[in-house]
Amino acid sequence: MSHDDARIYDQAYRPFAGGLASPRSRFLIIAANELRQAWKSKWFKRIAWFSFGPLIVFAVLVVVAARFDGLGGQMEDIWMPFWGIQMFFAMLMVFFIGRGAVGEDLRTGALIVYFSRPVSFMQYLTGKWLAVGVGVLGVTLVPGVVLAIFRWLAEPDAGVLDFLFWLGSLLLLSGLLALCMGWVVLAVSALSGRARAAGIVWVILFFISFGIGEGLAEATGIYELNAVGFSQASEQLARSLLGGGGTLGEVFWFSLGQLGWALLGLVVVLIKLRRWMRV
Amino acid sequence: MIISCQNLDQAYKSHRVLFGVSFGIESGCTGLLGPNGAGKSTLIKTLLGQLPLRPGRVQVADRDPATEPLRVRQSAGYMPESDVYLPGMNGLELCAFCGQLSGMRRADAVSKAHEVLYFVGLGEARYREVDGYSTGMRQRLKLAGALVHGPELLLLDEPTTGLDPAGRDEMLQLIDDVAHQREINVLFSSHILRDIEQTCDHVVVLNEGRVLFSGSRDDFQHQESRVLHVKVKEGREQMAAGLVSSGFEVVSREGTGHLEVALSEGQNADAIWKTARELNLQIRHLAPATVSLEQAFEKAVDGEGTSP
């Protein structure tokens, strides 16, 4: 076969001669791609937009409460229902972003696509987690901060310290939730192999984790056992921080509960992907 | 030298796969030839830094995969043997994502993905989901993904696996085009001799984890040949008789006018020239008989081959 025979294709192709970026930031590309793929789902888009609905409702409530002195005492209670609803939206976001994140890569052999390119194992894991984390933070931290700003502007008694406390609390709550939900869903995905199965298991796990903690706490009378379920732990942490009256011990245990789940998820993912760890 | 290996060992747990592999590959298209289980894929994975460091020294595009695996993978494009894809993505998205993973800016990656997909013949199918691609289309897509960032070196692991004859020919044409028209260095692993014969200038022959030969394809075919073609101006029969009396095994080939002279151990072409001089005959042609790559490969693998 002569070389001329081979010229049956478009001859416009020339090898890329431009510069290539340093391999250090590949996790951002992986995370962006995960989010881009999730964004293709119309349900994901709807949920993303709907997740800002409660913010509007609660912002109106904050303004109304500030206008009427008699409602001022109810302000502390605004955070709890707000956090509960946003957690639900976070669960849905995680469902769309994380359910196939690792499992589908394992099923289709896509790990070779990543690891035959300048992507390290840590960058891969970080990128996968970051996509889920961004989804969680997008529906918890972002509307939470906006609501905190509303409340600070609307409530005459709220000072800068109050605002900073809300901000810090929201950061801790959202960060722990992102950490925990991210690694748990990646573990579920890695174990299930198929996105659909992983999604179902994830939703069940989210609701069961409410019941486990609550059940154990009620059965034993030890309030801190609410930390055993990650969703219950997050709700109780929100109650301790933003509901007022929580002790440092409670904050510690509910944070530890979520960190434990995150660690468990990470260990499961590492075990499932162990043959790629040296890459 | 684009790839250099010295005394490379590789093993999966206690099972050794490569034994002191040493070879060097110059620029161009090189075939990595060996039967199934010879260690070709393991060697490619080692070159990409996907397997842990073992005794030996490897350089790929002047970089050590053991210490700079990410840099090596940035300068190389890899087309794996297995069917790999990211579900839910179309051809263009997947190809552009491969470019981004290799370090291209998104705009460059998308632009180049269009170009390379047309090049591999997937221009019309680039917006279709990869899940619905045929085997041949996926093979082309893998090639496009390996090419999109303009690698110095292209590592192709059994690129014609699963293709029908027409698809195979087209894939070989593409590889030939990439290596000889686009001047990208190619290491092409295959157990199909015809594929290597059609596209490669150099060969590395691997069997049971050991290199049997490394060098140009012509040298391989000629080295494996211990037969010379001899043509004299006149007196063909006289020359044949002279060679036989000098201890050569001669086979006359009807029609071509050549004498086929088999060299035994210790014999070389000098004795043929000497015989012709003694008989006062004029040699018009004296060259090693070219054996097919298949014959050469069979000899090498059967233990008759030459060492590198």
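Visitor: Start with H10(A). How much of it is buried?
Guide: In this predicted model, 12 of the 13 residues of H10(A) are buried, so the helix is largely enclosed by the rest of the structure.

Visitor: Which residues are those?
Guide: The buried residues of H10(A) are A:Phe230, A:Ser231, A:Gln232, A:Ala233, A:Ser234, A:Glu235, A:Gln236, A:Leu237, A:Ala238, A:Ser240, A:Leu241 and A:Leu242.

Visitor: What do they pack against?
Guide: Four helices of chain A: H4 (79-98), H8 (160-192), H9 (195-220) and H11 (248-272).

Visitor: Does the length of H10(A) agree with 1.5 Å a residue, or disagree?
Guide: It agrees, because the 13 residues of H10(A), 230-242, should span 18 Å and the end C-alpha atoms are 18 Å apart.

Visitor: And what comes just after H10(A)?
Guide: A:Gly244, which takes a positive phi of about 90 degrees.

Visitor: Which of its residues are buried?
Guide: In H9(A), the buried residues are A:Ala195, A:Ala198, A:Gly199, A:Trp202, A:Phe206, A:Ser209 and A:Gly213. They pack against H4, H5, H8 and H10 of chain A.

Visitor: Which glycine sits just after H9(A)?
Guide: A:Gly221, with a positive phi of about 80 degrees.

Visitor: Zoom out. What is chain A made of?
Guide: Chain A has 11 helices and zero strands. Its C-alpha atoms fill a box of roughly 90 × 45 × 30 Å along the principal axes. Of its 279 residues, 45% are buried.

Visitor: What share of its contacts link residues 24 or more positions apart?
Guide: Such pairs account for 76% of the chain A contacts with a separation of 6 or more.

Visitor: Which residues stand out in the largest nonpolar core?
Guide: That core has 156 residues, and A:Val94 and B:Cys95 touch the most other members. H8(A) gives the most to this core, with 16 residues.

Visitor: What does B:Cys95 touch?
Guide: Leaving out residues up to four places away in sequence, B:Cys95 touches B:Ala113, B:Val116, B:Leu117, B:Leu141, B:Ala144, B:Gly145 and B:Val148.

Visitor: What is in the second core?
Guide: A separate core of 10 residues includes B:Val230, B:Met239, B:Val261 and B:Ala276.

Visitor: How is chain B divided?
Guide: Into domain 1 (3-221) and domain 2 (226-289). Over C-alpha atoms, the centres of these two domains of chain B are separated by 44 Å.

Visitor: What about confidence?
Guide: The model scores ipTM 0.87 and pTM 0.83. Chain B has a mean pLDDT of 86, and 93% of its residues reach 70 or more.

Visitor: Where in chain B does pLDDT stay under 50?
Guide: Over residues 304-308, for which the model has 14 contacts beyond four places in sequence. Where pLDDT is low, the predicted coordinates should not be read in detail.

Methods: Residues numbered from 1 in each chain as written. Chains lettered and ligands numbered in written order. Predicted model: local features only at pLDDT ≥ 70, side-chain atom pairs only at ≥ 80, totals over all residues. Helix = DSSP H or I, 4+ residues; strand = E, 2+ residues; numbered from the N terminus. Buried ≥ 20, exposed ≤ 12 C-beta atoms within 10 Å, placed from the backbone. Contact = placed C-beta atoms within 7 Å. Domains from an automatic or database assignment. Expected span 1.5 Å × (residues − 1). pLDDT = per-residue confidence, 0-100. Core = buried A, V, L, I, M, F, W, Y, C linked by C-beta atoms within 7 Å.
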